[in-house]
Amino acid sequence: MRNERTLKLVTTALMAALSYVVFTFLQIKVTLPGGDATSFHLGNAVCVLGALLLGGVYGGIGGAIGMTIGDLLDPVYIVYAPKTFLLKFCIGLITGLVAHRFGKITHTSDTKHIFRWALIASICGMAFNVIFDPLIGYFYKLVFLGKPAAELALTWNITTTSVNAVLSVIAAVAVYMALRPALVKSGLFVKIG
């Protein structure tokens with residue numbers, strides 16, 4: 001008999017490691033004036049995938065821990081680590097809430113239903129990020145860097161966050177739809193709720 005909690009913890013740790021690797025090593029960094037930077041990456045896709053697989057809390061924690069460690073180990077992003085943890089955890093919570101509470105994707109085998117709700121949930125989680133990541137970043141930079149730097153960074157942050165969101169939704173849903181049957185067949189699929 002398998003232990004559900006151990007499986008969730010191990011998979012959460014795997015999602016944290018994967019989000020760290022994807023964010024840190026597979027990003028295209030855009031350097032901004034004043035030493036700041038933003039980047040194109042798929043770290044959010046891992047956070048969304050974790051929430052689809054494990055539910056909002058575990059998936060959000062996995063993505064938040066991995067990407068926060070990535071921030072802490074990068075001298076440019078280190079100051080954004082608290083913001084990253086909060087936002088990525090919220091992405092997971094929102095995605096998990098929509099997918100599992102409303103869509104109940106782990107309690108059906110209807111592929112169209114699963115795809116539809118995984119897509120809706122992913123869009124909801126990433127829409128939150130598209131709004132709040134640049135907004136919180138803008139106010140942070142406004143306080144510490146001044147209005148001109150904050151406005152310049154805002155335009156770039158909106159652009160990269162929006163591109164990241166679209167790519168993350170596509171990647172997370174595609175991987176989830178491919179991974180789910182293999183997890184069900186192997187007995188490693190976790191039913192949420």
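Analyst: Let's start with a definition: a disulfide is a pair of cysteine sulfur atoms within 2.5 Å. Keep in mind that this is a predicted model.

User: Okay, how many disulfides does that rule give here?

Analyst: The count comes to zero. Take Cys47: the nearest cysteine sulfur is that of Cys90, and it's 9.6 Å away.

User: Which residues have the most contacts inside the largest nonpolar core?

Analyst: That core has 28 residues, and the ones with the most contacts inside it are Val48, Leu52, Leu53, Ile91, Met126 and Tyr176. Helices α1, α2, α4, α5 and α6 each give two or more residues to this core, with the largest share, eight residues, coming from α2. Leaving aside its neighbours within four places in sequence, Leu52 is in contact with residues including Thr95, Ala118 and Tyr176.

User: How do you know that β1 and β2 pair?

Analyst: Pairing takes at least two bridges between the strands. Strands β1 (residues 28-31) and β2 (residues 37-40) have four, in the antiparallel sense, and that meets the cut-off. For example, Thr31 has Ala37 in β2 as its bridge partner. Five residues lie between the strands of this hairpin, where Gly34 takes a positive phi near 90°.

Terms used
Residues are numbered from 1 along each chain as its sequence is written. This is a predicted model: local features need pLDDT of at least 70, side-chain atom pairs count only at pLDDT 80 or more; totals for chains, interfaces and linings use all residues. Side-chain values use heavy atoms; hydrogens and water are left out. A nonpolar core is a set of buried Ala, Val, Leu, Ile, Met, Phe, Trp, Tyr and Cys residues joined through side-chain atoms within 4.5 Å. Buried means under 20% relative accessible area, exposed over 50%, partly exposed in between (1.4 Å probe, protein chains only). Contact means heavy atoms within 4.5 Å.
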